[in-house]
Amino acid sequence: MRLLPRLFLRRAFIFSLLLAFAAASSEGQAAAQFPPDWMNAVGLLADKIAAVTKRGEGLSVEVKNISSLSAADVDGLRQLLVTDLSRRNRRVLTESPADAVLQVTFSESADGYVWIAQILGGDKENVVMVSVAAPSHRASTKEAPLTLHRKLIWEQDTKILDFGILGEGTAGGSSTLIVLDTDRLSFYSSEDKGWKLARTVDLQHGRAAQRDVRGRLDLQAGKAELPGAECTGDFQHPETVTCSSITTSADPETPSQPIAIQGRSVEDYAVLAGACGDDSLTLASGTGDWTEPDFIQAYGGRNLSAASQPIQVPGPVLELRRKDGGKSARVVSRNLKTGVYEASLVSVSCDD
Amino acid sequence: MKLRLCLCLATISVVLAGAAPLRPARRPHYGGALRVEIGATLQSLDPAGVATSREEADAKAELDALLYDQRSEDGTFVGTAGSGPFRLSSWEAGKRATFAANRDYSEGRPFVDSIEIQLGRPAHDRVVDLELNKTDFAPIPPEQARQAIDRGVRVSVSQPNELLALVFLGSRSGKEGTRIREAIARCIDRAAIVNFILQKEGEPAGGLLPHWSSGTTFLFPTEMDVRTAKEIWSQISPSPKLVLGYDSTDTLEQSVAERIVVNAKEAGISLVSRALPASGKASPGPVEGSTRGAAIRVDARLVRLRMPSPLPRISLTVFINRLGPIAGIVDSPVPQSASPEDVYYCERSIMNSGLIVPIVWMPQVYGLSARVRDWKQPAAGEGWPLADVWLDSTDPQ
């Protein structure tokens, strides 16, 4: 008979240890998935709640989500807040009666997330809040027989017309990124994991600015062209490159013959060398205009049927061109969220 | 593996065929004349000139933004006409104007060659012209947006960014003034105004910022409470007779004012509406107006305020600067580095004063023809982006 309470106490102790471990583990899991600024914001919100409640006060928590946060994120944030409040000696109760009701609303403003706590007790109501920058869109990947990969190479505020990489993949040699924008031709040399500016050549425009300027780099010929200006030289040796104004009236870009993809006429596309059993693959962007996010998708076969899942691009694809060698495509797009122009390479891999 | 591939490809094809609209090529084209119709009968495009109504002031600001490249600190346009994306090529006061693309514009020549603007076109005629493809672009009053959609007009609706509010003119102070304001604020049926007058294009307003901007509007109630309004009104003795003013040229303000009078009557409040002479300023007009020489005393008036920025701090600051002197609000500054919490408490203190009663948030609505491409609904504070649009076909028909 005397053994029973002792055994019970030991089991209760082990059980409570397990519970504490599980709670710490789930808190850790919840915390691990959030950016540091979210964690700090939850801590700050707990501080503010603690400042308007009493030590040991029992709070019943109600949570509402009127933002773009997912239900899983809200659940994780709730857990974090409850833990943070417990650390500040506030008792979070699951059942009434509580000393006060804590209504937490996950909201969103033009600046980002706003997390608001209303503490309702007696006749008075306290409102405290914290703000958090909204993260950029989380891309989702789906399984597909053929997969497109987009690798961001460069981004800048000025509109990129074209770009290219010389010396890529050569053993021991450094590579050069060449970016043609509306104002200059820039050469960057590869350094560690980034690009370092080596030289810029300002463009001498012979024509007034256009709203839809197009330009093109021909790395093999050592030539960059855009309306009213031209640059020539050996692009392997940037110091030899010079730019001058010209008086051509037409854009350097010769429009490619439109092709029909799934019933729509497509002007901008890039034909890549065969991959994954297809003789050739055609990459094309979406159907919206320049105010919408876009996508790039591969099409193959005689009927140009879809051969990959689309990959999302956070803004319109402005240029889509075959890269030398035909294994990937050069893509210039504009990120509608940040406003910057992005140069990226899109390549294909097979899922076997 | 092959079967899985086939199934997968078949699925993609079906999804794309169903989802992707068959639209023409997307690279912008230069050329063509954009046909625009507006309601205001502008007599001048001079930025220093005075507009005679709110509608004129708004239209002038939009058109000046196409002609001038620079703004002064107070938001008015300065510099040389034609320094903007367009130049004035013909002008017939109150009737029509033609703008030509500025080929030397620093941000690039606009895509369209010209804009042909017809002035003084009533809202109903604008909708009909859009329906008949006689115009490419026209602002539509929010209360007519649903009707335009039903008639097959292509409509672009912004986030709600224009506040219609009732402002007490600070003539009654003390406990009695507070009670009067609270009774009026509680008796207004905002949901009915949105549903019936605005035809569901808008949302009830409880605060000075819309939800998409501040994220805190749920903290400001918008429900009507006739019982409490009656109770509060019964405590005021003797019951005053109140006058609510509205802009005589604004049919929406008139409808809302008349609705508020009906709501007030249900709560036993003695309130009548009176038309006031139009004010050319975008900000609210004088405390007292006059019609045919007779002075009109008003206790409150309706005002419309467009957000100058999507950012809550900036919009609240501008609203306070505009309404503060009229309503007699003193010392409610928004700090330069205000946090969302600071903005909320500033907004809360103004709401607690009861001097401003937000009624509804309204969107900006535009009708567009099918050939207008790259149209992007301007954000709060932005002008019409007519330099960025292009025409799919230069032939209007």
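Reader: In this predicted model, in which hand does α10(B) pass α11(B)?

Author: The crossing of α10(B) over α11(B) is left-handed. The two helices, residues 312-327 and residues 340-353 of chain B, pack at an angle of about 25°, and their axes lie 10 Å apart. Angles under 35 degrees count as roughly parallel, and α10(B) and α11(B) are therefore roughly parallel to each other.

Reader: Which residues make the contact?

Author: From α10(B) come Pro312(B), Arg313(B), Leu316(B) and Ile320(B), and from α11(B) come Val343(B), Cys346(B), Glu347(B) and Ile350(B). By class, this contact has 6 nonpolar, no polar and 2 charged residues.

Reader: Into which domains is chain B divided?

Author: Domain 1 covers 33-158 + 365-391, and domain 2 covers 162-362. Their centres, taken over C-alpha atoms, are separated by 29 Å. Domain 1 of chain B gives 19 residues to the contact and domain 2 of chain B gives 21 residues.

Reader: What supplies the domain 1 side of chain B, where it touches domain 2?

Author: Helices α2 (54-67) and α4 (145-150) of chain B each supply at least two residues there. The largest share, 5 residues, comes from α2(B). That side of domain 1 has 10 nonpolar, 3 polar and 6 charged residues.

Reader: Where in chain A does pLDDT stay under 50, with 0 contacts beyond four places in sequence?

Author: That is residues 17-25 of chain A. Over residues 136-144 of chain A the pLDDT is also below 50, but this stretch has 8 contacts beyond near neighbours in sequence. Chain A averages a pLDDT of 81, with 80% of the residues scoring at least 70.

Definitions and conventions. Residues numbered from 1 in each chain as written. Chains lettered and ligands numbered in written order. Predicted model: local features only at pLDDT ≥ 70, side-chain atom pairs only at ≥ 80, totals over all residues. pLDDT = per-residue confidence, 0-100. Contact = placed C-beta atoms within 7 Å. Axes fitted to C-alpha atoms, helices over the stretch in contact; angles between N-to-C directions. Helix = DSSP H or I, 4+ residues; strand = E, 2+ residues; numbered from the N terminus. Parallel < 35°, antiparallel > 145°, perpendicular 65-115°, else oblique. Left-handed = near helix turned anticlockwise from the far one by under 90°. Nonpolar A, V, L, I, M, F, W, Y, C, P; charged D, E, K, R; others polar. Domains from an automatic or database assignment.
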